[in-house]
Amino acid sequence: MKVAIYGQYYQNSTEPIINDIFVFFNKNNVEMIIESHFLLMLNERKIVEKKYKTFTSHTELDSSFDMLISIGGDGTILRAATLVRDSGIPILGINAGRLGFLASVQKENIASFMQFVLDKKYTISKRTLLSLTCTPPNESIDAINFAMNEITVSRKDTTSMITIDTYLNEEYLNSYWADGLIISTPTGSTGYSLSCGGPILTPDVKSLVITPIAPHNLTARPLVVPDETEIRLKVSGREEYYLVSLDSRVTSVKNESILTLKKTPFQINMVEITEETFLKTLRKKLLWGEDKRN
Ligand SMILES: NC(=O)c1ccc[n+]([C@@H]2O[C@H](COP(=O)([O-])OP(=O)(O)OC[C@H]3O[C@@H](n4cnc5c(N)ncnc54)[C@H](O)[C@@H]3O)[C@@H](O)[C@H]2O)c1
Ligand SMILES: Nc1ncnc2c1ncn2[C@@H]1O[C@H](COP(=O)(O)OP(=O)(O)OP(=O)(O)O)[C@@H](O)[C@H]1O
């Protein structure tokens, strides 16, 4: 078995996590290829001294890898998705962060969960992604043009609201007058969209959610549409530019540009361990099981 290992940060809890993973994988002859910046951090702190092969970009991750292991929070998993891209390499998240909603493995039970991985006792949860075409083109969007959580448009450098003319498959829907608009995948439905009143979708649902951010149209509500829908947006406002985000990445786009959002032809494969299904995660991490009345 051959796995890629990725993390963004070194913090106090990194050392025991790394120890658990490396001891287990070395004992079971799993080949580990480590992202070069992460290995440098581990080497500097003398956590890892043995020589390991490294990778630096998505171009080095090919079908010979069985899995990419992301050590961190949800932000790290979103970055990990930009490393695997359309290679199909499944991502397994080990939560070293705070919420870690997308991570299957908690740092307390690494060895037992890695045994499930070795025994192939896991399923693949396919995650729908969104991509964006900007007219006129925008280079920084084209560099990594997909989002696993959501694409948003929002106001920039001002308190003044923006107007977002929205069309679904060429049919006019609405002109939102708001701080912004979120187009969320099922994966992203538990992220920013949820905070703005959007519904939770299970990851396998074939839909997208359009959720306004603080709309001043009092009747505007989150809308669920089929994931085959082509969504076209035109933003106008007092400032010349507004912000576009794809997950954690942001760029400025000039008013009146046309944004066309579509599902990508590929998906991200997330490893799901039976002990940590999406429904269990809802109860554990969104605290559905913590209602003291029941
Ligand atoms: N008000 C909000 O809730 C808000 C605002 C901006 C961004 N976000 C989310 O943060 C993501 C970017 O992450 P970041 O690390 O750069 O920002 P960050 O450091 O501000 O973290 C955002 C929080 O959102 C959580 N989160 C991210 N994706 C999630 C998901 N799919 N389900 C449940 N929780 C999730 C993370 O655990 C973290 O606690 C965005 O894609 C967006 O979904 C949320
Ligand atoms: N490799 C790591 N080792 C130890 N702690 C880490 C590591 N990576 C991340 N963390 C911890 O997790 C925090 C958040 O990480 P990250 O940016 O990946 O997630 P996030 O988007 O903020 O989401 P979450 O709420 O899941 O933590 C970091 O500030 C740090 O405290």
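Is Asp227 buried or exposed? I looked this up before anything else. Asp227 counts as buried, at 3% relative accessibility (buried is under 20% relative accessible area, exposed over 50%, partly exposed in between; 1.4 Å probe, protein chains only).

I noted the ground rules. This is a predicted model, where local features need pLDDT of at least 70, side-chain atom pairs count only at pLDDT 80 or more, and totals for chains, interfaces and linings use all residues. Residues are numbered from 1 along each chain as its sequence is written, chains are lettered from A and ligands numbered from 1 in the order written, and side-chain values use heavy atoms, without hydrogens and water.

**Salt bridges**

I searched the whole structure and found 10 salt bridges (a side-chain nitrogen of Lys or Arg within 4 Å of a carboxyl oxygen of Asp or Glu). Asp227 pairs with Lys263 at 3.5 Å, N to O. Glu228 also forms a salt bridge with Lys263, at 3.0 Å. Glu228 lies in the loop between E14 and E15 and Lys263 in strand E18, so this pair ties together parts 35 residues apart in sequence (strands, E, are DSSP runs of at least two residues, helices, H or I, of at least four, numbered from the N terminus). Shared partners join Asp227, Glu228 and Lys263 into one network. I checked exposure too: Glu228 is exposed at 60%, and Lys263 is partly exposed at 28%.

**Active site record**

I found Asp74 marked "active site" in an unreviewed UniProt entry; such annotations may be inferred rather than shown by experiment. Asp74 sits in helix H3, residues 74-84. A polar atom of the Asp74 side chain lies 2.9 Å from the backbone nitrogen of Phe101.

Key
Polar contact = N/O pair within 3.5 Å; in protein donor to acceptor, adjacent residues only side chain to side chain.
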